[in-house]
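Subject: Structure handover

Hello,

Here is the structure we talked about. Please open it first, then read my notes below.

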Amino acid sequence: MKRIVEENQTPIEAIQLYYALKEVGANPMLEWWDGQKSIDIAISRVKLNIEIETDYHLITHEQAINDLEEAMHSFKNGFTTVRIPHVVVKYYLEETVKNILGIIQGLKSNLKVI
């Protein structure tokens, strides 16, 4: 775990969220490789990628368009990417987990329909 965190510069909030999701049975994967880059947390059953944003307040227009392009590629491959500011995890971990569980439920429903 330590090696993975050091290699990917994983935010501490991603680790906190990973363990919180693991505790409620969401089966998260930390630093999952999607073929192009490492995803902070992935819930593969429902094709959900979670990125913890640590520099969201410093976003440039170049980063914004890159984020949008990454989201487009994820959607084209059937994945949903959610970007969560690190302060939300830091101060509202329980609520964040509840909301992610709601997203997982919604994605499960959509997968059954298709």
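A residue is called buried under 20% relative accessible area and exposed over 50%; in between, the term is partly exposed. Trp 32 has a relative accessible area of 25%, so Trp 32 is partly exposed. Keep in mind that this is a predicted model.

Now the aromatic rings. There are two aromatic pairs. In one, the ring centres of Tyr 18 and Tyr 19 lie 5.0 Å apart. Their planes meet at 75°, so this pair is edge-to-face. Tyr 18 is buried, at 10% relative accessibility. Tyr 19 is partly exposed, at 41%.

Trp 32 and Phe 79 also form a pair. This one is tilted, with 5.7 Å between centres and 35° between planes. Which parts of the chain does the pair tie together? Trp 32 belongs to strand S1 (residues 29–33), while Phe 79 sits in the loop between helix H3 (61–76) and strand S4 (80–85). The pair therefore links parts that are 47 residues apart in sequence. Phe 79 is buried, at 18% relative accessibility. The charged end of Lys 47 sits over the Phe 79 ring, 5.6 Å from the ring centre.

Next, the strands. S1 and S2 pair antiparallel over four bridges. They form a hairpin with four residues between them, and Gly 35 in the turn has a positive phi of about 105°. S2 (residues 38–43) is mostly covered, with six of its six residues buried. S2 also runs antiparallel to S3 (residues 48–53), joined by three bridges. Ile 41 stands opposite Leu 30 and opposite Ile 50 in S3. In the S2 and S3 hairpin, Lys 47 takes a positive phi near 55°.

Best wishes

How values were computed:
Residues numbered from 1 in each chain as written. Predicted model: local features only at pLDDT ≥ 70, side-chain atom pairs only at ≥ 80, totals over all residues. Heavy atoms only, no water. Phe/Tyr/Trp six-rings, centres within 6.5 Å; stacked < 30°, edge-to-face > 60°. Buried < 20%, exposed > 50% of the residue type's maximum accessible area, 1.4 Å probe, protein only. Helix = DSSP H or I, 4+ residues; strand = E, 2+ residues; numbered from the N terminus. Lys NZ or Arg CZ within 6 Å of the ring centre and 35° of its normal. Pairing = 2+ DSSP bridges.
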